[in-house]
Amino acid sequence: RLLARFWNHEVATAYDGLTAETTAESFRPDVIFLDIGLPTASGYEVAQHLRTRDHFAHTWIVALSGYGSDEDRQRALIAGFDDYLVKPAGVADLQVVLARHAARKSNP
């Protein structure tokens, strides 16, 4: 969160799945970093719910997980994630994801 602010990004934080959904609805971010293992609703469930809303069709949703198997990544893609990072994600990982989003945004 501090690093994103350092890079001049606005940041909102939620600590459970249901709050993540309501925060995303009110904040309307361009990029969402979403932990898979959240209380109240998993990151998979949150991503699936957000993808049913038109205003999240172009939001870049990034999974954060302690698991990194091909099955885990495939499940995330099916749930509606655009990218997948294995925790702990490093600075370079975050920069790559944000660069992918910026490239996609400039070349739709």
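A residue is called exposed when its relative accessible area is over 50%, and partly exposed between that value and 20%. In this predicted model, Thr-40 has a relative accessibility of 55% and therefore counts as exposed. Arg-28, at 45%, counts as partly exposed.

Thr-40 sits in the loop that links strand S1 (31–35) to helix H3 (43–51). Contacts of Thr-40 beyond four places in sequence are with Asp-16, Gly-17 and Leu-18. Two of the pairings involve polar atoms of the Thr-40 side chain. The backbone nitrogen of Gly-17 lies 3.2 Å from a polar atom of that side chain. For the backbone nitrogen of Leu-18, the distance to a polar atom of the Thr-40 side chain is 3.1 Å. Asn-107 is 67 residues from Thr-40 in sequence. In space, the C-alpha atoms of Thr-40 and Asn-107 are 36 Å apart.

Most residues other than glycine have a negative phi. Thr-40 is not a glycine, yet its phi is positive, at about 70°. Arg-28 is likewise a non-glycine residue with a positive phi, here about 55°. Arg-28 belongs to the loop between helix H2 (17–27) and S1.

A further backbone feature concerns a proline. Most peptide bonds are trans. The bond from Lys-87 to Pro-88 is cis, with omega near -5°. Pro-88 is part of the loop between strand S3 (83–86) and helix H5 (91–106).

The strands were examined next. Strands of a sheet pair through backbone hydrogen bonds, in either a parallel or an antiparallel manner. Here, 3 strands make up an open sheet. Their order is S1-S2-S3, and the pairing is parallel.

S2 covers residues 60–65 and runs parallel to S3. The two strands are joined by 4 bridges. Leu-64 has Leu-85, in S3, as its bridge partner.

Key. Residues numbered from 1 in each chain as written. Predicted model: local features only at pLDDT ≥ 70, side-chain atom pairs only at ≥ 80, totals over all residues. Heavy atoms only, no water. Buried < 20%, exposed > 50% of the residue type's maximum accessible area, 1.4 Å probe, protein only. Contact = heavy atoms within 4.5 Å. Polar contact = N/O pair within 3.5 Å; in protein donor to acceptor, adjacent residues only side chain to side chain. Pairing = 2+ DSSP bridges.
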